[in-house]
Amino acid sequence: MEFRNDAFEQLEARGFLFQTTHLEETKKVLKNGPITFYMGIDPTADNLHIGHFFGLQMARILQDCGHKCIILVGGATALIGDPSGKKDMRKMMSKEEVAHNAEEIKNLLKKFIKFDGDNPAILVDNADWLKPATYIDFLRDVGVHFNVNEMLRNDLYKNRLQQGGLTFMEMGYMLMQGYDFVYLNDKFNCILEIGGSDQWGNILAGVDLSRKMNYLDGNPRPVMMGLTCPLLTNANGVKMGKTEKGTLWVSRDKTSSFDFFQHFVNCLDADVERLLRFFTKIDVQEIKKMCAEDIVKAKKLMAFEVTKLVHGEEEAIRAQETAKKLFESGNINAENMPTQEVELKGEVNILDFLASLEIISSKSEARRLLEQNGIMINNEKKSDMKEMLDMSKGEFVVKKGKKTFLKVIVK
């Protein structure tokens, strides 16, 4: 892969830059590179949400410019739980849950980061080096470099402390993540950590830990740097990625392609330019021109491009066509509704029937909609989760909420 020296300029022009520990040094090494950088994701769920996707876009820009990418899945840190931005301690997860989530996330990452071909990324799990470490050795080698008074002044811990619920276990999170950076530097010569601005305290800890350990053991490490992107918020400062059903996930089995597309179609006009810069490769000047000339057209393009990036072009086209049929025709009926064919026979439980539809992401969503009187089938409101539907009828018209319709043909 041919190296490009404009990674910093691209990140800056597209709005990804928020904080840097060493501004001039970061500019210099990205220009003179290639360098090795890393981004960490804790597997606290078996999926990635739109916030992860935003950070991964920053990683992909660096990778496309020829810099070496390491993605760290925190199989060890997820067992502790990052206190950043939390009022209460995170729910503790079993080792089995974390291991399962880590495997699911590793598969999803391949949609956004290149792990083969030219300049493939490296995938690592901090459980590989943190779990074998003994408690006493870790405290002697790493814990000795952390001053508790300084840690408590950090927003990451200060907010939890004010709630009266900071635990000793949570205090250990910063030590573990800080050591990750040092370990990756020693093993892969990684000199840059990237992440969301909520990770600023943890990133600083890693940078500072490397300096202190370098001074103590005389190990000639280079300057290690951190860079964050802003949190993904809308023009009103509200965190993006929440839908009427909860978190906006990047997997279709949790957030359907249609719901994903509609989330971005319904964004504020003031957010369109930023989202086009974040999630497309369209030239920034062209984006500004499009938004100035026709904001509605630009918004629809943005929704399509983001959906294509996450779910693929076929799903993006389907979501686009569904929206057009439902909301732009002005006359919703069985003829112009989007249609889905299903292979079901005999009598089928209503939950199983609904979960098979592309407009409903899971059986749990189907159950929630029935509880909230949000489902109509053939113009009849449904709420009984034990109801059996006769598939021999051959065709059903399903209405979800106030606006989403689907004609279901049973094969």
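Two strands pair if DSSP finds at least two bridges between them. Helices (H or I, at least four residues) and strands (E, at least two) are DSSP runs, numbered from the N terminus. The structure is a predicted model, in which local features need pLDDT of at least 70 and side-chain atom pairs count only at pLDDT 80 or more, while totals for chains, interfaces and linings use all residues. Residues are numbered from 1 along each chain as its sequence is written, and side-chain values use heavy atoms, with hydrogens and water left out.

Strand β14 (residues 395–400) pairs with β15 in the antiparallel sense over 6 bridges. Within this pairing, K399 stands opposite F405 of β15. The two strands form a hairpin with 3 residues between them. G401 sits in the turn and has a positive phi of about 65°. Strand β15 (residues 404–410) is mostly covered, with 6 of its 7 residues buried. Buried means under 20% relative accessible area, exposed over 50%, and partly exposed in between (1.4 Å probe, protein chains only).

These strands belong to an open sheet of 5 strands, in the order β9-β15-β14-β11-β12, with mixed pairing. β9 and β12 (380–382) stand at the edges, each with a single partner strand, so one side of each is left without a neighbour in the sheet. The twist averages 30° from one strand to the next. β11 and β12 pair in the antiparallel sense over 3 bridges. I375 stands opposite K382 in β12.

Another open sheet has 6 strands, in the order β1-β6-β5-β2-β3-β4, and its pairing is also mixed. Its edges are β1 (19–20) and β4 (122–125), each with a single partner strand, so one side of each lacks a neighbour in the sheet. Strands β2 (residues 36–41) and β3 (residues 68–73) run parallel and are joined by 6 bridges. G40 has L72 as its bridge partner in β3. Helix α5 (residues 95–109) packs on this sheet and touches β2, β3 and β4. Its direction makes about 155° with that of β3. Helix α2 (residues 23–32) lies across β1, β5 and β6 (225–229), running at about 90° to β6. Axes are lines fitted to C-alpha atoms, for helices over the stretch in contact, and angles run from 0 to 180 degrees between N-to-C directions.

Helix α13 (residues 272–279) has 6 of its 8 residues buried, so the helix is largely enclosed by the rest of the structure. The buried residues are V272, L275, L276, R277, F278 and F279. Their cover includes α1 (7–13), α3 (50–64), α12 (257–265), α14 (284–293) and α15 (295–311). Contact means heavy atoms within 4.5 Å.

A search of the whole structure finds 21 salt bridges. A salt bridge is a side-chain nitrogen of Lys or Arg within 4 Å of a carboxyl oxygen of Asp or Glu. K114 forms one with D64, and the closest N and O atoms are 3.7 Å apart. This pair links distant parts of the chain: K114 is in the loop between α5 and β4, and D64 is in helix α3, 50 residues apart. D64 is partly exposed, with a relative accessible area of 23%. E305 and K308 also meet in a salt bridge (3.5 Å, N to O). Both lie in helix α15, 3 residues apart, about one turn of the helix. K411 and E343 form a further salt bridge (3.9 Å, N to O). K411 lies in the segment after β15 and E343 in the loop between β9 and β10 (347–349), so the pair ties together parts that are 68 residues apart in sequence. K411 and E343 are both exposed. Salt bridges that share partners join R60, D64, K114 and K281 into one network.

Most residues other than glycine have a negative phi. N189 is not a glycine, yet has a positive phi of about 60°. N189 is found in the loop between α10 and β5 (190–196), and is partly exposed at 47% relative accessible area. N373 has a positive phi near 55° and lies in the loop between α18 (363–371) and β11 (375–377).
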